[in-house]
Amino acid sequence: MSPACEMLLDETPLFDPSLLQELDWSSNTVPFSPPISPSHPGEGLVLRPLQTADFNRGFYKVLSQLTVAGDVTPEQFIENFEHMKKTGDYYVVVVEDTNLGQIVATATLIIEHKFIHGCAKRGRVEEVVVSDVCRGKQLGKLLVSALTLLSKKLDCYKITLECAPNNVAFYKKFGYSASSETYMQCRFFD
């Protein structure tokens, strides 16, 4: 890793952290027991925007529990991070275990700009994953609730996600429903 790259692996957030802090959690419809929220996600845990320093805090280790994350260099990570930050349409949130200094959960909200619905915005939830060492702490629920509320705050006309059939019941708790649209793909690489 180049010295310049090491300098860029810092605490710079992908997006303004106040967006998460200002969510109207009272409009959340999913119960949490014990109660947790974006500002109080659990003992020793912090919910916040992705930072470049998260490259060294196990961000890819968590992502690899969901899918093939690939071998990504710090330079590639920073280049992608800077692109996402510049567009302003990517909201990657992480949960950090501050005792371990490790990322234990992550999810992404992508904002698509449409010509339909009067040039409206649509939110899309992607890559929701909780580390196997932290499952059962309601972090998946917290991430989906936070991103759902964030998309509403950002004036999206709707929010969508793709999920396996065995996860449909989980997402229904948040007000998501199956669409008549069929998800199709044309995959070029594994």
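## Rings and pockets: a short tour

Visitor: Why is F32 called buried?

Guide: F32 has a relative accessibility of 11%, and buried means under 20% relative accessible area, with over 50% counted as exposed and anything in between as partly exposed (1.4 Å probe, protein chains only). So F32, at 11%, counts as buried. Please keep in mind that this is a predicted model, where local features need pLDDT of at least 70, side-chain atom pairs count only at pLDDT 80 or more, and totals for chains, interfaces and linings use all residues. Residues are numbered from 1 along each chain as its sequence is written, and side-chain values use heavy atoms, with hydrogens and water left out.

Visitor: What makes Y171 and F174 a tilted pair?

Guide: Rings of Phe, Tyr and Trp (its six-membered ring) pair if their centres lie within 6.5 Å; planes under 30 degrees apart are stacked, over 60 edge-to-face, and the rest tilted. The centres of Y171 and F174 are 6.4 Å apart and their planes stand at 45°, so the pair is tilted. Y171 is buried at 10% relative accessibility, and F174 is buried at 9%.

Visitor: Which aromatic partner does F32 have?

Guide: F32 pairs with W25, at 5.7 Å centre to centre and 40° between the planes, and this pair is tilted. The count comes to 12 aromatic pairs. One aromatic cluster is formed by F55, F59, Y60, F77 and F81.

Visitor: How do you know that the charged end of K141 sits over the ring of F32?

Guide: The rule asks for NZ of Lys or CZ of Arg within 6 Å of the ring centre and within 35 degrees of the ring normal. The charged end of K141 is 4.8 Å from the centre of the F32 ring, and it sits over that ring.

Visitor: What lines the largest pocket?

Guide: A pocket is found on a 1 Å grid over the protein atoms alone, as an open set of points where a 1.4 Å probe fits, with protein on both sides within 12 Å along at least five of seven lines; lining residues have an atom within 4 Å of a point. The largest pocket has 44 lining residues, with L66, T67, E126, E127 and V128 nearest its centre. Its lining has 26 nonpolar, 10 polar and eight charged residues (Ala, Val, Leu, Ile, Met, Phe, Trp, Tyr, Cys and Pro are nonpolar, Asp, Glu, Lys and Arg charged, and the others, Gly among them, polar).
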